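Open the model in your viewer and keep the selection tool ready. The tour goes stop by stop.

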Amino acid sequence: EKFTNFINSKDPNAESYFNLGNVLVQMGDVQRAISAYKMAVELKPNDINALYNLANIYDLLGRMNEAEELYLKVIKTNANFDLAYSRLGALYFKKDNVIKAKEMYEQAIKINPESALTYFQYGYILEKTGGLVKAAQIYQKASDLDPQNAEISYNLGNVYISLKDLS
């Protein structure tokens, strides 16, 4: 509350509202965080971090069309924002648009080939859609990047078991 009052007493600026949104998210006050991020975007329309965080909240709330619109705006503003591509890939998968989901993950990997998380998420989509051979390759790359990650190893093992069962 004191932080909100402080921001309101000063000249409004996008960074203050962005930081307020982050604090409110940490406190679990999602609705007020949405308002703070919207104010940040109003003051600085191409603030990719505020747009991205707002998109993430909308995504978590199931407001997929609004989230998609904002992720696309982030990408349009900064074509190298790999996390936006990854989140958009996950969103498209939730919307049963597997082709677009795969495209988004492939683009995220092109931008940041060192992200084990992106490889892991892409591998998951491939596994769930029956692309087991490619899923194994992608999970292996994720494992190479993050060899201590038990979840990656578990999924990779499951894919190998499934491939063995098919042969």
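This is a predicted model: local features need pLDDT of at least 70, side-chain atom pairs count only at pLDDT 80 or more; totals for chains, interfaces and linings use all residues.

**Stop 1: aromatic pairs**

Residues are numbered from 1 along each chain as its sequence is written, and side-chain values use heavy atoms, with hydrogens and water left out.

Across the whole structure, a search finds 6 aromatic pairs. Rings of Phe, Tyr and Trp (its six-membered ring) pair if their centres lie within 6.5 Å; planes under 30 degrees apart are stacked, over 60 edge-to-face, and the rest tilted.

Now select Phe-93 and Tyr-124. Their pair is edge-to-face, at 6.4 Å centre to centre with 80° between the planes. Phe-93 sits in helix H6 and Tyr-124 in helix H8 (residues 116-128), so the pair ties together parts that are 31 residues apart in sequence. Helices here are DSSP runs (H or I, at least four residues), numbered from the N terminus. Phe-93 is partly exposed at 23% relative accessibility. Tyr-124 is also partly exposed, at 37%.

Go back to Phe-120 and Tyr-139. Their pair is tilted: 5.8 Å centre to centre, 40° between the planes. It links distant parts of the chain, with Phe-120 in helix H8 and Tyr-139 in helix H9 (residues 132-145), 19 residues apart.

Next, select Tyr-52, Tyr-71 and Phe-81. Ring pairs link these residues into a cluster.

**Stop 2: H4 against H6**

Show helix H4 (residues 48-60) together with H6. The two pack at an angle of about 20°, with axes 11 Å apart. Axes are lines fitted to C-alpha atoms, for helices over the stretch in contact, and angles run from 0 to 180 degrees between N-to-C directions. H4 and H6 are therefore roughly parallel (under 35 degrees; over 145 is roughly antiparallel, 65 to 115 roughly perpendicular, and the rest oblique). Their crossing is left-handed, that is, the near helix is turned anticlockwise from the far one by less than a right angle.

Which residues of H4 meet H6? Tyr-52, Asn-56 and Asp-59 do, against Leu-83, Ala-84, Arg-87, Leu-91 and Lys-94 of H6.

Stay in helix H4 and pick Asn-53. Is Asn-53 buried or exposed? At 18% relative accessibility, Asn-53 counts as buried. Leaving aside neighbours within four places in sequence, Asn-53 is in contact (heavy atoms within 4.5 Å) with Phe-18, Asn-22 and Tyr-37.

**Stop 3: H2 against H3**

Select helix H2 (residues 14-27) and helix H3 (residues 30-43). They pack at about 165°, with their axes 8 Å apart. That makes H2 roughly antiparallel to H3. H2 passes H3 in a left-handed crossing. The contact includes Phe-18 and Asn-22 of H2 and Tyr-37 of H3.

**Stop 4**

Move to Asp-96, in the loop between H6 and H7. Asp-96 has a positive phi of about 65° although it is not a glycine. Most residues other than glycine have a negative phi. Asp-96 is exposed, with a relative accessible area of 69%.

End on Asn-97, in the loop between helix H6 (82-94) and helix H7 (98-111). Asn-97 is partly exposed, at 26%. Draw a line from its C-alpha to that of Asn-78: the separation is 23 Å, for residues 19 apart along the chain.

Notes:
Buried means under 20% relative accessible area, exposed over 50%, partly exposed in between (1.4 Å probe, protein chains only).
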